[in-house]
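Have the sequence and the 3D view open while you read.

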Amino acid sequence: MRRPLFKRIKEAVKNHDDYFKNKYDATGKEGLSALQKCISSMCILAYGVPADAIDKYVCIGDSTARQALHNFCRVVIEVFGEQYLRAPNEAGVARLLQEGENRGFQGMLGIIDYMHQEWRNCPTAWKGQFTGREKHPTMILEAVASHDLWIRHAYFGMP
């Protein structure tokens with residue numbers, strides 16, 4: 001991730017929630033910075049590592065890393081959700097279909113990418129519905145967008 005993008009996310013998160021602002025304890029010692037909390041959260045999300053695996057890199061405890069991750073995800077959804085995580089509306093879908101038709105792809109929305117993500121904590125009752133060609137339950141993660149990234153949508157579906 002480029003540095004200006006990371007800084008923009010960090011500042012937006014810090015300005016939105018007091019959890020990410022620097023605090024001092026009773027002795028005057030400074031606590032964890034917004035930078036440490038954001039880096040630990042992004043490492044957990046990007047690399048899928050457990051919270052205690054980033055202790056040596058960011059110098060943050062596993063319970064604090066989990067709490068930072070929870071707050072980070074909540075704040076990112078609150079701050080950026082309306083702009084980047086909105087579902088497509090009728091006008092947007094019609095525009096994408098027309099754009100695809102003009103380019104010679106009738107009925108195509110323009111899927112950027114999709115992947116099967118393993119669902120480790122799938123309830124036993126649902127296991128058969130979510131097990132496809134893989135031996136374990138998965139969910140399909142799909143992103144749809146136009147060439148100018150006007151519509152962004154994540155779809156979580158069955159395989």
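## The big picture

Of the 159 residues in the protein, 26% are buried, where buried means under 20% relative accessible area, exposed means over 50%, and partly exposed is in between (1.4 Å probe, protein chains only). This is a predicted model, so to speak of local features takes a pLDDT of at least 70 and side-chain atom pairs count only at pLDDT 80 or more, while totals for chains, interfaces and linings use all residues. Residues are numbered from 1 along each chain as its sequence is written, and side-chain values use heavy atoms, with hydrogens and water left out.

The protein has five helices and three strands, and along the sequence they run α-α-α-α-α-β-β-β. Helices (H or I, at least four residues) and strands (E, at least two) are DSSP runs, numbered from the N terminus. The accessible surface is about 11,200 Å², with 55% of it on carbon and sulfur atoms; areas come from the Shrake-Rupley method with a 1.4 Å probe, and for residues only the protein chains shown count as cover.

pLDDT is the predictor's confidence in each residue, from 0 to 100. The protein averages 78, and 81% of the residues score at least 70. Confidence is highest in α1, at 91, and lowest in strand β3 (residues 153-157), at a mean of 44.

Over residues 150-159, pLDDT stays under 50, and there the model has 41 contacts beyond four places in sequence. A contact means heavy atoms within 4.5 Å.

## What's packed inside

Which residues make up the largest nonpolar core? There are twelve: F6, I9, V13, Y19, F20, A34, C38, M42, A68, F72, V75 and F80. A nonpolar core here is a set of buried Ala, Val, Leu, Ile, Met, Phe, Trp, Tyr and Cys residues joined through side-chain atoms within 4.5 Å. Helices α1 (3-16), α2 (34-47) and α4 (62-84) each supply at least two residues of this core, and α4 gives the largest share, four residues. In soluble globular proteins, nonpolar side chains tend to be buried together.

Leaving aside residues up to four places away in sequence, F72 touches I9, V13, F20, C38, S41, M42 and L45. Apart from this core lies another, of eight residues, among them C43, A51, I54 and A65.

## One aromatic pair

The structure holds one aromatic pair. The rings of Y19 and F20 have centres 5.2 Å apart and planes at 90°, so the pair is edge-to-face. Rings of Phe, Tyr and Trp (its six-membered ring) pair if their centres lie within 6.5 Å; planes under 30 degrees apart count as stacked, over 60 as edge-to-face and the rest as tilted. Both Y19 and F20 are buried.

C43 counts as buried because its relative accessibility is 13%, whereas C59 counts as exposed because its value is 56%.

C59 sits in the loop between α3 (55-58) and α4. Most residues other than glycine have a negative phi. C59 is not a glycine, yet its phi is positive, at about 60°.

D52 is in the loop between α2 and α3, and at 51% relative accessibility D52 counts as exposed. The C-alpha atoms of D52 and D62 are 4.5 Å apart, although the two are ten residues apart along the chain.
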